[in-house]
Amino acid sequence: MRLLQSKSLTFISFTESESIPKYAILSHTWEEDEITYKEMLKRPNEVASKRGYQKIKACAQQALKDGLDFFWVDTCCINKSSSAELSEAINSMFRWYQNAYVCYAYLHDIPARNASMDRRRWTIKFKISRWFTRGWTLQELIAPRSLDFYSKDWSHVGTKEDLTAAITDRTGIPYEVVVSSDFSKTSLAQRMSWAAGRATSRKEDAAYCLMGLFDVSMPMLYGEGDNAFLRLQEEIIKRSDDMSIFSWVSSKAPFSKYRGLLAPSTADFAQCNDIRWARGTNNDPYQTTHKGIHITLPLIARQGRPEEYIGLLRGVYKKSDMEIGIFLQKLGEEQYARIEPDQLAMPQLRPAAGASSLIRFFVRQNIIMEAASHTRVASILLRRDTPEFKLLDVQPSARWNEDAEVFFFEAPAALRKPPAAVFALQPVENCGGGIRITVDIGKPWGSVLEIDDGWNLTPAVTNFVHKIHCRKPQQPVMEVIVERGVFDGEAQIKLFVIALRDVDSPPTARRTLWSAQTAPF
């Protein structure tokens, strides 16, 4: 750990085996003109006029007032040009804040607290400080046992204990956690909820800044993007059997969305602040494998929904006594996926088909359907390679997005019979009467695709693809294909309409557009 000496503003390093002296630590939001390690080391006189240097100097002066010879600032006490040092610092940072004698939270956007300012108005300004919106400051709020707040002119405005009510109201962090820094009794989901709505400059930091809060370590891989948050959750479930980590909710997810057990982002935990976990719950071990997360859950069949279940999250409760679960669909012999991720299942409030059965199964994060289904299709995506034909009409027209060439449904086929989508194509030149294609997802697979009379049809059907080879005198040979599946996590039907080059062209002589798509045959 590299510390700054409060009097000389020079660095001194300590190893983990050495006795580290008492030190102050700074919590702040980064602004322009922050000072790096190299600038502080080599050119201190050149950076003295920068605002970042003034912040460091003010922190040093406050440390001296508190009788502390050393202090730490994240901007300049880490050599960020060394990836090894940066990784070590990020993995150690929660502990460094936890072990500090005092933490100074510098809020550059709030005024001093004086007798002339109404207390209520000042508290409002305090709660809207940018400091409460940043990802890294969450651990800097919770970890230190002693936390002092300072205004933009470095006036002391209160301690964590003084401002606990305002902090709890702003962050949702329970009063007792703010005061004691002890979050051991909170559920994983509740802790994640404190990070929802916070931002970081780099996407990966949304995960890295939470490692200390969940007592995990992992290597830094800047450039991995959203995968960092998935890795964080995988590390967490290696250390805890608290199933509340699966109780996230994506409030805007459509009914067609298929998800794994892990949340895409911290935002999906925004509704989890009242999620509780009963310690001592005896959950079977689960692990991450090449086939997905291998987990055991009690499953309750949903009434009137073949292959759909409520998976009970054992020991997880909404508030204090409401048992909760998640909705699952069976996709293969051992494969399931989460469905309806916009809500949690409340078995007490919704009737189920019977008692629960304890089932061990896999859930992939990237969904692959092994047993095909189209009960949750949200749209039909049209793809055409038909220079001889133009799209004349789509009915019902209210469901058709002409720009995207997508036909949308309002509810799952399992709940309400959706309307059949009818696509009419007309020859560009006056030859023949065109072709009328009907896609009815309310029908069993194999009957979903229909072509109007007058065409000589040669159908071929697999679990995922229904293809019809269409011939008609004086017309180009047509191939109409519907493919069902989960594409980018969403249940869809893809409709391909291809005009072959001429009547005698073999099926392999398809145009470039089709060859670029997923070839089902």
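Which helices each supply at least two residues of the lining of the largest pocket? I looked this up in a predicted model. I found α3 (83-99) and α5 (136-142).

**Entry 1: largest pocket.** I noted a volume of about 490 Å³ for the largest pocket. I listed 20 lining residues, with W30, D74, W136, S201 and D205 nearest the centre. I sorted the lining into 8 nonpolar, 5 polar and 7 charged residues.

**Entry 2: second largest pocket.** I read off a volume of about 370 Å³ here. Its lining has 16 residues, and L230, R259, G260, Q365 and N366 are the closest to the centre. I saw that α10 (227-239) and β8 (258-259) each give at least two residues to this lining, and that α10 gives the most, with 4. By class, I recorded 6 nonpolar, 5 polar and 5 charged residues.

**Entry 3: salt bridges.** My search of the whole structure returned 23 salt bridges. I picked out K55 and E31, paired at 3.4 Å, N to O. K55 sits in helix α2 (residues 51-65) and E31 in the loop between β3 (24-27) and α1 (37-42), so this pair ties together parts 24 residues apart in sequence. I have K55 as buried, at 6% relative accessibility, and E31 as partly exposed, at 28%.

I then checked D274 and K318, whose closest N and O atoms are 3.1 Å apart. D274 is in the loop between β8 and β9 (275-277) and K318 in strand β12 (residues 308-318), so the bridge links parts 44 residues apart in sequence. K318 is buried at 17% relative accessible area.

Last, I noted one network of salt bridges with shared partners, joining R302, R305, E308, E340 and R376.

Notes: Residues numbered from 1 in each chain as written. Predicted model: local features only at pLDDT ≥ 70, side-chain atom pairs only at ≥ 80, totals over all residues. Heavy atoms only, no water. 1 Å grid on protein atoms, 1.4 Å probe; cavity = no way out; pocket = protein on both sides within 12 Å on 5 of 7 lines; lining within 4 Å. Points joined across faces, edges and corners; volume = space filled by probe spheres on them. Nonpolar A, V, L, I, M, F, W, Y, C, P; charged D, E, K, R; others polar. Salt bridge = Lys/Arg side-chain N within 4 Å of Asp/Glu carboxyl O. Buried < 20%, exposed > 50% of the residue type's maximum accessible area, 1.4 Å probe, protein only.
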